Amino acid sequence: MNYSETIQYLFASQPAFHLIGAAAYKPGLGNTIALMQHLGNPYTQWPAIHIAGTNGKGSTSHLIAASLQCAGLKVGLYTSPHLVDFRERIRINGEMIPENYVVEFVERHRSFLDDIKPSFFESTMALAFQYFADQKVDIAVIEVGLGGRLDSTNIITPMLSVITNIGLDHTEFLGDTLEKIAAEKAGIIKEGIPCVIGETASETAPVFIHKAEECHILGQGPETTDCKIWFADQCGYLNRCRKRDIPDCQLHGLYQEKNMQTAYVALSALKAQIPALTTEAIRKGFAEVCTLTGLRGRWEILNEKPLTVCDTGHNSHGIRYVAEQLIRLQQTHQGVLRMVFGMVDDKDVDVVMRLLPRDAVYYFTQAATHRAIPARKMQEMWGEGLYFPSVAEAIEAARKDAADNDILFIGGSNYVVGEALPLFRPLH
């Protein structure tokens, strides 16, 4: 098989959540354990940082990976989903996994994959873990796929666990309350392993505190040496971490302030274990995170005239920040806000649409996945605006209509952003 055929095999023979949704979800570690044993447990060959959360775990993972890279380490980074190229999921020091490695891995293990029929995510994770072992990374940053407790990545025992925040997303799998979802994500907290919690709420904080007590990392108070859990929204939990210390960052979305805070607290906690992780390494990692790791689609400016921005925020928790930033932009621009917008059917669409700016022209669209909500249906839900059968057509129409001083926003789902990115030349 060539690379294209290999990727098609992975998509076609093993259910992929990003293509078919709920039917691809396989909770539990049975397949993962079998895969890891078949490969010789490659995850035992490198230390890891494990990151869960409803939103922001991708940005937080990249911030941490970039800073570790600037500390002189060889850093594996495993995230999902990808926007354009499958290989975005698996990187070492920002470089995507080579196509030939993907092909050779699948060819070598295809009979075993056919026998146990793992999910697409399980196979991809096994590929990543083996690649990191073969390339002898110094450390790996591993993003949870979905949830935490039953996620395939939870086979690892990391040197630090991070949970960014809790929101109502994937409720059909994780529970229909913040407490239930927090309990699932708290499943990555392990006995004696330090942990950083990014954002808490009255519903979620008790869940994390209870889990920390079970895992004997709570200690007797925030200043005691036996306390190994820190809450990033309560900066005093690490004396050396204050909001004013957080360096300038290449990520510009309003929501990134909390991700930056979480990543900074996590990196501060890691300093004791990684002497090379200096303040200067963290500063450089934050300042050059997109350049170093290849992160895209997070409040990314695609064009200057008209100002064109895309963002992968795709649920109510994320869209709230996107909408706020768009409204602020409207206050500083004289032009029209034009929204190229599409969503998939497992999101809280009604809530999201109530958060969107009303004072805008909408170009509803649908990405090339059967999970996409039909553009016409979204237009009917909104009550006005235009609709287009493809992302490219919606963008073309919006750009044709736009004046130089207008604002063009593209988003609503990872899929919409993924299809938009190849249509623009990078500005930098």
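Two strands are taken to pair if DSSP finds at least two bridges between them, and helices (H or I, at least four residues) and strands (E, at least two) are DSSP runs numbered from the N terminus. The structure is a predicted model, in which local features need pLDDT of at least 70 and side-chain atom pairs count only at pLDDT 80 or more, whereas totals for chains, interfaces and linings use all residues. Residues are numbered from 1 along each chain as its sequence is written, and side-chain values use heavy atoms, with hydrogens and water left out.

Strand β2 (residues 75-78) pairs with β5 in the parallel sense over 4 bridges, with Ile-142 of β5 as the bridge partner of Tyr-78. Strand β1 (residues 48-52) is likewise paired with β5 in the parallel sense, over 4 bridges, and here Ala-48 has Ala-140 of β5 as its bridge partner. In strand β5 (residues 139-143), 5 of the 5 residues are buried (under 20% relative accessible area, with exposed meaning over 50% and partly exposed in between; 1.4 Å probe, protein chains only), so the strand is largely enclosed by the rest of the structure. Both of its faces are covered, with Ile-139, Val-141 and Glu-143 buried on one side and Ala-140 and Ile-142 buried on the other.

In helix α16 (residues 391-401), the buried residues are Val-391, Ala-394, Ile-395, Ala-397 and Ala-398. Because these residues cover an arc of only 160° around the axis (taken from the directions from the helix axis to the C-beta atoms), they lie on the same side of α16. Their cover includes β11 (337-341), β12 (361-364), β14 (407-411) and α17 (414-420), where contact means heavy atoms within 4.5 Å. Exposed residues Glu-396 and Lys-400 are carried on the face of α16 turned away from its buried side.
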